[in-house]
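Dear colleague,

Please find below the structure that I am handing over to you.

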Amino acid sequence: MRYVKIFDNIAKQITRDGVAKLGEGYEKTDDVNQADAILVRASDIRDLDFGPNVRCVSRSGAGYNNIPIERCAKQGIVVFNTPGGNSNAVKELVVGMILVNSRGTLDGMRWVQSNADDPQIVKDAEKNKKAFVGREAIGRKVGVVGLGAVGSKVANALEALGLDVYGYDPYLSVEHAWQLNRNVKRVDSMAELCRNADYVTLHVPSKDDTRHMMGAEMISLMRDGAMLINYARADIVDEPAVDAALRSGKLGRFVCDFATPLTTKMPNTLITPHMGACTAEAEANCATMAVSQMKDYLEQGTIRNSVNYPDCDMGPCHTGGRIAALHANVPNMIGQISGALAQSNANIQRMSNEAQDGSAYTLIDTDQPVDAATMEKLRAIPGVYRIRQIVPAITR
Ligand SMILES: NC(=O)c1ccc[n+]([C@@H]2O[C@H](COP(=O)([O-])OP(=O)(O)OC[C@H]3O[C@@H](n4cnc5c(N)ncnc54)[C@H](O)[C@@H]3O)[C@@H](O)[C@H]2O)c1
Ligand SMILES: O=C(O)CC[C@@H](O)C(=O)O
């Protein structure tokens with residue numbers, strides 16, 4: 001039996017319609033020390049003590065700034081996310097927000113609500129609507145920061161609506177480049193993207209080089225009265241700078257998904273409670289991806305969509321056994337691992353080694369199971385974070 005500790009309300013998706021999607025051979029546990037795997041959504045587990053057994057953490061969602069991915073890598077814990085699983089949900093909300101907030105919609109709605117008891121409401125509505133004149137988005141310049149799963153969809157959707165779309169992403173993947181509409185203009189700097197922009201929408205992960213990337217300097221380049229949209233992470237914007245720009249009128253509107261002590265006090269701001277991914281479809285997509293990635297890793301050693309180890313997929317093991325080694329990305333690891341195996345009873349049939357930043361992963365299929373003494377030798381190689389043998393039965 002394998003045990004899974006589940007944080008957040010992912011459980012609802014996993015047991016949707018009463019069908020346990022963890023499947024045979026898996027049970028939920030409340031005890032992290034018993035868990036082989038963790039499933040998490042937005043809970044902050046940066047300070048969690050992962051205990052001795054946890055082999056992977058699967059995040060149902062895109063952002064992973066709630067997980068200590070470097071500490072996990074060194075403990076031999078693979079962290080997964082579910083890229084793209086919720087991107088359509090975010091795209092639909094962002095596009096809707098841009099259109100709704102370009103008009104006097106919200107002020108108009110408030111006016112109607114506060115005049116609900118007016119017996120002359122039909123006449124007065126016609127008289128008062130001139131106070132809520134908005135603008136059309138068509139033809140206006142919009143800058144999309146980050147052209148990944150969400151940003152590329154947002155850019156394409158806005159282009160289809162007739163906006164003049166610019167995108168900035170120095171690390172754009174080939175996959176997402178293929179998905180981008182050819183009319184989306186790519187620029188090489190944030191400054192070029194922000195210059196004279198009527199709208200800027202943020203779709204980058206929270207990390208050192210994106211934190212506060214939208215501050216006073218970039219805002220000063222935007223058109224007076226522009227709209228800033230943040231459905232990425234709260235810390236991508238420099239909040240005091242946004243607050244000052246809203247108060248001076250430099251920014252006309254701020255739309256964001258993050259209620260913080262300061263955003264909730266800002267003028268001309270519309271805040272949603274981190275609900276960009278809150279659709280039944282996105283929640284089910286992400287939960288399904290998170291579970292299947294977790295199971296493929298535990299059962300076959302397959303790594304897909306990891307944020308702290310390289311992807312590696314040799315399919316199911318058809319030989320006598322499979323060694324899965326998580327180790328530091330340093331010279332001579334493969335030499336040492338294959339050297340120890342050469343002295344054992346087992347013969348290497350197939351192998352794959354992938355490295356990414358400081359971490360590396362080696363999968364080796366052997367003709368027969370490797371004996372316990374050799375496993376101990378492999379475990380003792382300096383730089384090996386974790387090693388296990390996968391044979392048809394579950395092994396630790
Ligand atoms: N509000 C929500 O509910 C919600 C939902 C999904 C994602 N998000 C947030 O949005 C982020 C993006 O999601 P995604 O699914 O598109 O992720 P993604 O990984 O597919 O895309 C992120 C893109 O940002 C780019 N990027 C990285 N650093 C950059 C930089 N310095 N400048 C410009 N571009 C940079 C990457 O190259 C990548 O293309 C997530 O990390 C998450 O924080 C929020
Ligand atoms: O789980 C959520 O609701 C938030 C998800 C979102 O922020 C993400 O990064 O995917």
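A residue is taken to be near a molecule if its C-beta atom, placed from the backbone, lies within 6 Å of it. Please bear in mind that this is a predicted model.

Ligand 1 is surrounded by 33 residues, of which the closest are Gly63, Gly146, Gly148, Pro205 and Gly276. Its shell comprises 16 nonpolar, 13 polar and 4 charged residues. Helix H3 (87-102) and helix H6 (149-160) each contribute at least two residues to the shell of ligand 1, and the largest share, 3 residues, comes from H6. Because domain 1 (1-85 + 280-309) and domain 2 (87-99 + 137-271) both give residues to this shell, ligand 1 lies between them.

I also examined strand S9 (residues 199-202). In a regular strand the side chains alternate between the two faces of the sheet. In S9, Tyr199 and Thr201 point one way, Val200 and Leu202 point the other way, and all are buried. Strand S6 (residues 141-145) runs parallel to S9 and is joined to it by 4 bridges; here Gly143 has Val200 as its bridge partner. S9 also pairs with strand S10 (residues 226-230), again in the parallel sense and over 4 bridges, with Leu228 as the partner of Val200 in S10. From S9 the chain passes through helix H9 (residues 216-221) to S10, in a right-handed β-α-β crossover.

With kind regards

Methods: Residues are numbered from 1 along each chain as its sequence is written. Chains are lettered from A and ligands numbered from 1 in the order in which they are written. This is a predicted model: local features need pLDDT of at least 70, side-chain atom pairs count only at pLDDT 80 or more; totals for chains, interfaces and linings use all residues. Ala, Val, Leu, Ile, Met, Phe, Trp, Tyr, Cys and Pro count as nonpolar, Asp, Glu, Lys and Arg as charged, and the others, Gly among them, as polar. Domain bounds come from an automatic or database domain assignment. A residue is buried if 20 or more other C-beta atoms lie within 10 Å of its own, exposed if 12 or fewer, and partly exposed in between; C-beta atoms are placed from the backbone. Two strands pair if DSSP finds at least two bridges between them. A crossover is right-handed if, with the strands pointing away from the viewer, the path from the first strand over the helix to the second runs clockwise.
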